Amino acid sequence: MERLSDWYDHPEYYEAIFGTDTAKEVDFLEEVNRRYGTGGKLLLEPACGAGRLVAEAASRGYRVVGYDLSEKMLAYARGRLTPGQRRKVRLYPARMQEFFLPELEGEVDLAFNLVSTFRYIDSEQGALAHLQGTRRLLKPEGLYVLGFHLTDYDRETPEHERWVERMGKDTVVCNTHEGPPDLDLRRSAMRNRLRITGPGKDLLIETHWYFRTYDLAQARRLFRRAGLEVLAVYDFDYRVDEPRKRGELRLDSIFVLRPAKSRSR
């Protein structure tokens, strides 16, 4: 068995796990944009990764700006675009807490980040900078659809998720562990193992990092500081007709955010 590190250096296997719901996710984003936002055609994806949502949105006629810290992910994203899609897409290398394009200020109809990447930002200051920077890029009625797992600070045991997908003749097994949260440090230890087996192939890609933690009160307080209001909250099942009821708590959360009317842009 060959051992490798950092799944972001291997976008083809990362995509095998996270690329299965792409059409469903863009369907959800389109309907949220129509119901709560402008319905417009300029989209922004922070931490766009290997570009699956960028490509899907461009194939539906949207103009898309994406950025990511990983040059390997961006290269993969550019390579998957058709010539027609490339005319609608701009991709940039950038960190979530630093990205800003003056020509986009006040122009974006819909920004989105759906798979907990927001939790990589490891400080309150960095998270606030990201949210404020994204808010400045949105139109007054624009939206930021932000999905991440909230934290149960009473949890004392690790959490484990497992997915199995096929990639041609290969099998990709993904195991993710999240350690108990540390309330004082506001983080939890993460470990991911991708095992890829197939004809003449046996790979193990193991990645370690920390995720910043948020309970619902911490998340809502941060949104208010950033000048964003919560219009609706959904679960990761992407059922747009079933927003979460007031007082209903689930840890997997997709927040539909809009620039607050009481705050200056």
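Analyst: Gladly! Let us begin with a pair of side chains: Asp170 forms a salt bridge with Lys201, their closest N and O atoms being 2.8 Å apart. The pair links distant parts of the chain, with Asp170 in strand β8 and Lys201 in strand β10, 31 residues apart. This is a predicted model, where local features need pLDDT of at least 70 and side-chain atom pairs count only at pLDDT 80 or more, while totals for chains, interfaces and linings use all residues. Residues are numbered from 1 along each chain as its sequence is written, and side-chain values use heavy atoms, leaving out hydrogens and water.

User: What makes Asp170 and Lys201 a salt bridge?

Analyst: The term asks for a side-chain nitrogen of Lys or Arg within 4 Å of a carboxyl oxygen of Asp or Glu. The closest N and O atoms of Asp170 and Lys201 are 2.8 Å apart, so the pair meets that limit.

User: Why is Asp170 called buried, and what is Lys201 called?

Analyst: Buried means under 20% relative accessible area, exposed means over 50%, and partly exposed lies in between (1.4 Å probe, protein chains only). Asp170 has 9%, so it is buried. Lys201 has 28%, so it counts as partly exposed.

User: How do you know that Glu229 and Arg258 form a salt bridge?

Analyst: Their side chains meet at 3.1 Å, N to O. The pair joins strand β11 (residues 228-234) to strand β12 (residues 252-259), 29 residues apart. Arg258 is buried at 16%, whereas Glu229 is partly exposed at 25%.

User: What makes β9 and β10 a pair of strands?

Analyst: Strands are DSSP runs (E, at least two residues; helices are H or I, at least four), numbered from the N terminus. Two of them pair if DSSP finds at least two bridges between them. Strands β9 (residues 187-198) and β10 (residues 201-212) have twelve bridges, in the antiparallel sense, so they pair.

User: Why are β1 and β7 said to stand at the edges?

Analyst: Five strands form an open, mixed sheet in the order β1-β10-β9-β8-β7. Both β1 (2-5) and β7 (159-167) have a single partner strand, so one side of each has no neighbour in the sheet.

User: How do you know that the span of helix α6 agrees with its length?

Analyst: The expected span is 1.5 Å times one less than the number of residues. For the 14 residues of α6 (residues 124-137) that gives 20 Å, and the end C-alpha atoms are 20 Å apart, so the two agree.
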